[in-house]
Amino acid sequence: MQQRILFYTLGGLALALVQKFLLDRLALYDIAPDMMLVLLTFIAQREGQSVGTTAGFFIGLLMDLLHGTLGIDALSKTVAGFTAGFFRETEGARQTTTFIVAVAVSSVAGITAYYLTAYGLALVWWKLPIYIAVGVGYNSVVGYAAYQSALHRI
Amino acid sequence: MKRLLEFLILDFREFLLLTFFCLVSLALIANKETPALRSVRSAGLETFSAIEARFAAIQKYFGLVGENNMLRERNAELAVEVGIARNAVLENEHLKRLLAYRNESRYPLKLAQIIDRTFNAERNLLMINVGSDDSIAVNMPVLTDKGLVGRVILVSPNYALVQPIINRDFKVGVVTEKTRTAGVLSWKPSENLATVEHVLLSSEIQAGEQLLTAEFSSFVGANVPVGVVKHVDRKAGQLFYKIDVALAVEFDKLDYVFIQLRPPNKEKDAMKKRFKEFQ
């Protein structure tokens, strides 16, 4: 378990930098592909909902520090990690489709939580479905690529 | 109590964690401006800014797309401005030449703008925006700095109709500059060119010679450029040369003209009438 925690931590730190300095610049309609959410979904699916929720909080906190905010990413990733935990994989049954669905659903939860927290009543409501659609699309593609290339082997 | 706690922790652990972390997050959001959390945020920014500096090249690369688009738009705007400026320069030069020509002219000149034109193969006409109220009269010559355009054939108080050289009814007496060969210039609509008629085969006219208006011309003074002899053709069995002329004025680019306010020479006109009687 300790080895896995170390792996997730180091992987999270590396991906956070990639996210901040590369993927955040590919934003479309203010939404960038979220590699951290893909990692979080993977952790939640593999380790369960409790670990997913905790990992979500710390991953979000890390992103908050990178973005110069505090709490917003932590909350949205906590919600996303908790949501992804519902898709915990059973022993020996690793399916790409399940992973992509988990990424998509946790994206919906995470993006909704993020915009509700960040904007509150100032949120332009009709834009929220656009943010969600773009985010789900982006993250599903990134998630599929990551899962097919590396994550399914871990 | 202990059993209740165990029940809550074991069965609702995930929900408790979610609630706990959400509350912590909300507390962080609410207190992010406190000195302690502000220093945490600034320390985080400081650390990652140092790393970000090393990613400047990547940032620069992604920034280039936007910069390129901005430069492309600016380039298009500047191209339009350059086009306008270039036209203004050309127009300025053109008007300067006209002004210089007016200053050098023997007779007073009236500047006019061509406001309408009917160009067809045979009866080309120009309408200008000056008339009898501007001292314009029938038979006054119409010129530009390049040479003869035509003559006024109809006048109203504010407008006048000009018969240009490229009208089949137009005729003007011309002489060549070097050999002083005289002839009558007219427009041949069927061939779409100007020709000089009545030049005897004995004359020494050459291609490339400049054609000027002759002293015997009925409406214009002598030595106004008309064109250049383009081609001299001598056909067997004929008395006269067939001479093609390249006109000095480009009629398709004509926009402003001068009307030479040349007073009629009544004595000369009277003599011309008598001259025709004797013919």
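# Chains A and B at a glance

Buried residues account for 53% of the 154 residues in chain A. Keep in mind that this is a predicted model.

**Chain A**
- Chain A is built with six helices and zero strands, so its pattern along the sequence reads α-α-α-α-α-α.
- Take the contacts in chain A with a separation of 6 or more: 70% of them link residues 24 or more positions apart.

**Where B meets A**
- On chain B, 25 residues are in contact with 25 residues of chain A.
- Together the two chains bury about 2,400 Å², with 80% of it on carbon and sulfur atoms.
- Looking for charge pairs across this interface turns up zero salt bridges, but there are three residue pairs in polar contact.
- Chain B's touching side gets at least two residues from each of α2 (13–30), α3 (35–54) and α4 (56–104).
- Of these, α2(B) gives the most, with 12 residues.

**A buried arginine in chain B**
- B:Arg151 sits in strand β4 of chain B, which covers residues 148–155.
- This arginine is buried, yet has no salt bridge.
- B:Asp169 is the nearest side chain of opposite charge, and it is 8.4 Å away; a salt bridge would need the atoms within 4 Å.
- Leaving aside neighbours within four places in sequence, B:Arg151 is in contact with residues including B:Met140, B:Leu161, B:Gln163, B:Phe170 and B:Phe219.

Key: Residues are numbered from 1 along each chain as its sequence is written. Chains are lettered from A and ligands numbered from 1 in the order in which they are written. Side-chain values use heavy atoms; hydrogens and water are left out. Helices (H or I, at least four residues) and strands (E, at least two) are DSSP runs, numbered from the N terminus. Buried means under 20% relative accessible area, exposed over 50%, partly exposed in between (1.4 Å probe, protein chains only). Contact means heavy atoms within 4.5 Å. Lys and Arg count as positive and Asp and Glu as negative; His and the chain ends are not counted. Buried area is the accessible area (1.4 Å probe) that two parts lose on being put together, summed over both. A polar contact is a pair of N or O atoms within 3.5 Å; within protein, one must be able to donate a hydrogen and the other to accept it, and residues adjacent in sequence count only if both atoms are side-chain atoms.
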